[in-house]
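Trainee: I would like a close look at one part of this protein. Please take me through the aromatic rings and then the helices around them.

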Amino acid sequence: MTYRLTFTGIVQGIGFRPAAQRIASKLKITGYVKNTGGNTEVIITGSEQALDSFVRRLIALFEIKGFDCEKLDEIHYDTFTIEHSSRDRKTPFLTPDIATCADCEKELKDKRNRRYAHPFISCVNCGPRYTIIKSLPYDRENTAMSDFDMCEKCKEEYISPENRRCHAQTIACNDCPPSTNISIDTAVNILKSGEVLAIKDIGGYHLACRADCPESVNKIREIKGRETKPFAVMFHSTEQIKEYCKLNRQEEELLISPARPIVLLEKIKDFDLSVDSGSDYTGAFLPCNPIQIMLLEECSPLVMTSANRSGEPIITDDGKIQKLGVKCLSHNREILTPLDDSVLKITCGRTQFIRRARGYTPLAIDIGIKAKADTLCLGGDLKAVFGFHRDHYVFLSQYFGDLENSLVMQAYKANIKRFARLHSFTIEKTVCDSHPQYYSSNLYKNNIKVQHHKAHIASVIAEHHLKGKVLGFAFDGTGFGDDGAVWGSEVIRFDGKNFCRLNHLDYVKMPASDEISKNADLALACYTGTNNIINAAVRHTVNTVESSSMGRLFDAVCSVLDICHYNRYEGECAVKLESAAKHAKKPHYITPSWSPCSIIEEIKTAPAAKEEIALGFHLMLSELILQSAKEYGISQIVLCGGVFNNRIVTENTINKLEENGFSVYINEKVPCGDGSLALGQAYISALEE
């Protein structure tokens, strides 16, 4: 009997074809396997029992979304082979870049192995994927590896079904390129001497230096124009991380996962202030590629951060690095798209993304609702992420940054085109944020407009496939409201079809300028009426806007407690306020209220230490949410928006709600901030079709 099987899912770039060949050989099945654009096709001849066993074994090995089976007239084949790929227009599920696997790392360190100390060691189970793909199907000639010829030994491995590198498109060794511009030993010596080293990695350039060398760390700050925001630190092992940070089982699993993200961990040992600016947390991560593994074996821990200036796109261009005036470890394999490190943390046993990029992009998210047309969801201008919705899946881009920077906007637009080409998407419909002045909202004509906070709430509903009524709390800094005001503390009910705004912080007039999101003293003056210029502007409604922003309330509380007065990076005041609260011995009670002016007035006269008041403020918000949940009587609660990056608020809110019988959901596959907007836009636009 002969069948045609078409497999969909992550079936390219992971050794699917060699595995199919090995299984077929053991089951004495004949035929062939080949990539067909986005999917993989298998023609097999054998018994029904052998067919069933073949499919079950493949499904057990790979993340298969589904497969079609078609019976054909019987065809005789002598063996089972891997055929050359063909093209189709079906939706592909592309593989993200994957960290070096344990087998390759073992070979990398084995002096007897011919790939000993090879900077580009990889196999079908690991290595770059998304950042080197030119087009599909995923074959060597369609990747950045097409520039390099294989040596004879690599060619032999490439066609050997039993070899781990059979049809591994990134296959290479010390006898064939790619190659680095300087040796690893030279790079190690540069780092050991205390200098800054630029390193070309999988998705772009990093700047690295010893974490115990403040002068070099400050040089990186100068190069990047980054004043105080903490740096991530790369360690050579989880054992070394445990010397500096608390580490639970879930956090350790994230650190060693194939994605190798940065994980925010609670500190137990301080670095110099030049590294972490006194933060309670360290962004820790492990090496994800052979170059990093070899460097960290010799000098660790290292400050490791993207080489671009703050606010600009990741650098992939060799020429731009040369202008930085630092020594460089580079290589001659092209990076086809910039890709930053992903950042995550664990809160109440749940995974929270702060940035979704390397290791996760471009994995699709099943949102349980089908698009009737290929839909481009543009997200927002801050922490920009776009997505394409086809069938039940949303394919999200990497994080780009803020679109007000022209270079970021260029990268964003270029990657929309690349993403569409790789996935064979046709832009048939576009969805954007309802803000009329967002760059993303004006990129295409005839957009469907989705309100910012409704998109936040919808993103959680979409992730968890929630049905029935949902009560959402969307707390953040800013979002354009349906009434033209700045929203940011929204209580919204979803009945399965429509969104209804139920409550929010009382409106306060604020300047309609970017300075209000940076200057905490200015935010405080809006609540207290102590600034004559602001008061005059409010009286005459000159360049002011009504605001219910929770983010600005955090800034004002931070200012009135004299903890921090200016956001030198986004959310700095909120971070410092949380840190103060974390160090309180007990909370000072603050009356739950939707009146920000009343909250500020109570805090001003509170007879307690600033740390105790800060903790009381955090706990007050959790109590406010619980009171609202009880008032509206909806059992499914959604928490979303950037404020829920705050561990104290999020953990206490989840615990209070669950203790009172509510089911609580947060974003776990996308960030709770603006990186989730495209996902929510996809859900709402499909819902309204």
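**Aromatic pairs and helix packing**

Mentor: F554 and F617 are both buried. Keep in mind that this is a predicted model. The ring centres of F554 and F617 are 5.0 Å apart, with the planes at 75°, so the pair is edge-to-face. The cut-off for that label is over 60 degrees. F554 belongs to helix α16, while F617 belongs to helix α19 (residues 610-632), so the pair ties together parts that are 63 residues apart in sequence.

Stay with helix α16 for a moment. Helix α16 covers residues 550-560 and packs against helix α14, residues 520-528. Their axes are 8 Å apart, and the angle is about 100°. The two helices are therefore roughly perpendicular to each other; the range for that term is 65 to 115 degrees. On the α14 side, the contact is made by A520, D521, A523, L524 and Y527. On the α16 side, R552, L553, D555, A556, S559 and V560 take part. By type, the contact residues divide into 7 nonpolar, 1 polar and 3 charged.

Now go to helix α19, where S622 also lies. S622 has 1% relative accessibility, so S622 counts as buried; the cut-off is under 20%. Leaving out residues up to four places away in sequence, S622 touches V649, N652, T653 and K656.

T591 gives a contrasting case. T591 sits in the loop between α17 (572-582) and α18 (596-604). The relative accessible area of T591 is 36%, so T591 is partly exposed. With residues up to four places away in sequence set aside, T591 touches E602 and M620. T591 and E602 are 11 residues apart along the chain, and their C-alpha atoms are separated by 8.1 Å.

Back to the rings. The count comes to 22 aromatic pairs. One of these is formed by F400 and Y412. Their ring centres are 5.9 Å apart, the planes make 85°, and the pair is edge-to-face. F400 is in the loop between β16 (387-396) and α12 (406-423), and Y412 is in helix α12, so this pair ties together parts that are 12 residues apart in sequence. Are these two residues buried or exposed? Both F400 and Y412 are buried.

F400 and Y412 also belong to a cluster linked by ring pairs. The charged end of R418 sits over the ring of Y130, at 4.9 Å from its centre. Another charge sits over a ring at Y244: K269 lies over the face of Y244, 4.5 Å from the ring centre.

Last, take E239. E239 is in helix α7, residues 238-244. Its relative accessible area is 53%, so E239 is exposed. The cut-off for that is over 50%. From E239 to H453 the C-alpha distance is 41 Å, and the two residues are 214 residues apart in sequence.

Notes: Residues numbered from 1 in each chain as written. Predicted model: local features only at pLDDT ≥ 70, side-chain atom pairs only at ≥ 80, totals over all residues. Heavy atoms only, no water. Axes fitted to C-alpha atoms, helices over the stretch in contact; angles between N-to-C directions. Helix = DSSP H or I, 4+ residues; strand = E, 2+ residues; numbered from the N terminus. Parallel < 35°, antiparallel > 145°, perpendicular 65-115°, else oblique. Contact = heavy atoms within 4.5 Å. Nonpolar A, V, L, I, M, F, W, Y, C, P; charged D, E, K, R; others polar. Phe/Tyr/Trp six-rings, centres within 6.5 Å; stacked < 30°, edge-to-face > 60°. Buried < 20%, exposed > 50% of the residue type's maximum accessible area, 1.4 Å probe, protein only. Lys NZ or Arg CZ within 6 Å of the ring centre and 35° of its normal.
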